[in-house]
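Student: I would like to learn how to read the features of a model like this one, with the general idea before the case. Could we go through it together?

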Amino acid sequence: MSQVREPAAASPALRPPAVPAALSHQDLRDDDFWRQLPGYRGLSAAEFQDYRFQSRNAVTSVAKLQEVVGDLVPASFYQDVSQGILRSTMSLRLSPYILSLIDWQHPVEDPLRLQFLPLASRWVPDHPELALDSLHEQEHSPVPGLTHRYADRALFLALDTCPVYCRFCTRSYAVGLDTPKVEKMHFGASSERWEQAFAYIAAHPELEDIVVSGGDVYNLRPEQIEYIGSTLLAMDNIRRLRFATKGPAVVPQKLVGDHEWTGALLRVVERSRQLHKAVALHTHFNHPNEITAITRQGLDRLAEQGVVVRNQCVLQRGVNDQPATMQLLVKRLSFVNVQPYYVFVHDMVKGVEELRTPLQTAIDLEKQVRGTTAGFHTPTFVLDTMGGGGKRDVHSYEYYDRKHGIAVFTSPTVRPGAQFLYFDPVHTLSPQVQQRWQDGGERAAMMRAALDEAVARPR
Ligand SMILES: *Cc1c(COP(=O)(O)O)cnc(C)c1O
Ligand code: SF4
């Protein structure tokens, strides 16, 4: 008898060819989608394709937003955004590309609007245990902007600006302009700070792998990309580099048209080949709507030169927490030669509680995604623990109290013996439990109980 129980199925030989709807991941938007916006109605494809147009016309204020989107939405929408910005930890910045891909008939539910435009009417109070630098990147920081948490790799924040600003940014303590809510630490692209970081990296033979991030390396000048790349690759200890950028997801035009920037990246990749080392680009797509024919054109330039591109995605409620959306994202990324690498459970970040999901959502999604495509294109669902324990597979919790929304993790390779907590959003819990979270004493008791249980009942 078979150990696998299956419903009666047609013989595989009779499996009919897939219907077109099953191949929707190959359907990349190729229309003049920006023309839906009054402000861009007269723009030709050539003008919209110009990466300089994209950066010069980034939308950084509500007034500018109103200029472009006009009467597609009522005045109350703009008021809602203005109020939302007052509470946000990130300043406003969207590319025309992203702005044009928002469905302005349904902006409140739109997955791209959700990531970039705060609405005060959607505000959910922060979790009481939440902090600005929840990952404690400062604590593992021997040099400003260099985080050495894992033995063999380090995170180098080369600069603190990005082509867009995401509401949910984990590095809101440093990235972007100061806001009414946050006065930031700044890690500008300064050569003195860089030299300190390079000296530290060269002096630590265990460091083999450097993540060059920010901010966003899209905003580095070509000579800066080349300088960082060649300096690090010249170190005997360094075997791997990754350049981290959201660029391909928000201004793919730059990959098509900025030959100096892509040229610099390609030269660093070529140099790594000569040295038998590896350089990859790590990018950040969160929703299949972000991938269009323009994206494909840009990524094709990298594919032609054999550049490895991987994706790190942030799980967000209403954006990509449905199985069909995540499956489509994974398939579409694969179609344009991007390897889905990680899906991160949303960090405990201030001001975006509406976007977080319970840990359980990530566990359920993983089950729905694995098997969709090749295993090497199947992302690992991870949680970056609060307090600096590093990334953990979502399934590896020591204890998960779903009723009170508390998960306990350990991290033997980063901090042996320590316990790390993650909290589900309070508004997803029962009314009685929500009450308990309002009380300091009750909170401490719930956390204590979970930590004790994790020790008493190892899985
Ligand atoms: C994520 C991260 C890395 C890289 O970790 P991988 O699991 O190899 O992608 C390195 N340093 C820090 C501080 C990180 O947060
Ligand atoms: S692009 Fe990355 S670093 Fe920049 S705001 Fe968005 S999430 Fe933060």
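Student: Where is the place of Gly215?

Tutor: Helices (H or I, at least four residues) and strands (E, at least two) are DSSP runs, numbered from the N terminus. Gly215 lies in the loop between strand 3 (209-213) and helix 8 (222-233), and the peptide bond leading from Gly214 to Gly215 is cis, with omega near 25°. The model is predicted, so local features need pLDDT of at least 70 and side-chain atom pairs count only at pLDDT 80 or more, while totals for chains, interfaces and linings use all residues. Residues are numbered from 1 along each chain as its sequence is written, chains are lettered from A and ligands numbered from 1 in the order in which they are written, and side-chain values use heavy atoms, with hydrogens and water left out.

Student: Which residues are around ligand 2?

Tutor: A residue is near a molecule if one of its heavy atoms lies within 4 Å of it. Around ligand 2 these are Met90, Cys162, Tyr165, Cys166, Cys169, Gly215, Lys246 and His284.

Student: Which side chains have an N or O atom at 2.7 Å or 2.6 Å from an oxygen atom of ligand 1?

Tutor: A polar contact is a pair of N or O atoms within 3.5 Å; within protein, one must be able to donate a hydrogen and the other to accept it, and residues adjacent in sequence count only if both atoms are side-chain atoms. The side chain of Arg242 provides the pair at 2.7 Å, that of Tyr342 the pair at 2.6 Å, and a polar side-chain atom of Lys391 lies 3.1 Å from an oxygen atom of ligand 1.
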